[in-house]
Amino acid sequence: GWEGNMTVKKIDRGLGFSYTLCEKDNVDHFVNLKMLHDSNEKVVRIYTCMFGDLWNYGHAQFCQNSRRLGGKNVRLIVGICSDDSIKKSKDFSESLMTSHERGMMASQCRWVDEVVFDCPCVLTKEFVKRMNIDMVTGSSSKLEAITYNQVALDQGIYRTVLRSSSPKDCVVSTTALIDRCCRGHRF
């Protein structure tokens, strides 16, 4: 019911994404208008929420693995948490990148169809309904699933996704990158 309250703006730079501002409920997000494989088949809307600081291969791999759960007609929606929510949730006082920078990085990932800026860290029923979410993905941490995605667990739409496709993959994390920088690691 919020389609009539949207304004779509073309971004002058980047890879041709459209910026969509939903005035009714103030959801601020980017939408990549990729064509779906089969317009007669149901679109599966998969949502994942992340901090996305220092966007790296591990984030992209997680998005790719999340997207694979939906079949051919899938839309992957990545929620990027606000700067304030990171301050409250992480061990460090603030992220290295702003929420806008983190969202812009996520929007450039080939497996991401939509990016929601300053999304709620704790998933709500209202957000699931508003965004027409069919499935929610998260990491393998049970504590993280219960803390942030209890609504999805209760609705039976939560799926655990690994960052790597196989155990042989070397997946870098933001924490590992920060540790390398602090140690003065040279590449």
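**Exercise 1.** Which side chain of opposite charge is nearest to D53, and how far away is it?

*Solution.* The structure is a predicted model, in which local features need pLDDT of at least 70 and side-chain atom pairs count only at pLDDT 80 or more, while totals for chains, interfaces and linings use all residues. Residues are numbered from 1 along each chain as its sequence is written, and side-chain values use heavy atoms, with hydrogens and water left out.

Begin with the position: D53 is found in the loop between β4 (44-50) and α1 (57-68). Next, D53 is buried (under 20% relative accessible area, with a 1.4 Å probe and protein chains only). The nearest side chain of opposite charge is that of R102, 4.5 Å away, and D53 has no salt bridge, a term that requires a side-chain nitrogen of Lys or Arg within 4 Å of a carboxyl oxygen of Asp or Glu. Finally, the D53 side chain reaches the backbone nitrogen of M97 at 3.0 Å.

**Exercise 2.** Find what I133 touches beyond its neighbours within four places in sequence.

*Solution.* With those neighbours set aside, I133 is in contact (heavy atoms within 4.5 Å) with R45, Y47, F127, V128 and I157.

Note on methods:
Helices (H or I, at least four residues) and strands (E, at least two) are DSSP runs, numbered from the N terminus. Buried means under 20% relative accessible area, exposed over 50%, partly exposed in between (1.4 Å probe, protein chains only). Lys and Arg count as positive and Asp and Glu as negative; His and the chain ends are not counted. A polar contact is a pair of N or O atoms within 3.5 Å; within protein, one must be able to donate a hydrogen and the other to accept it, and residues adjacent in sequence count only if both atoms are side-chain atoms.
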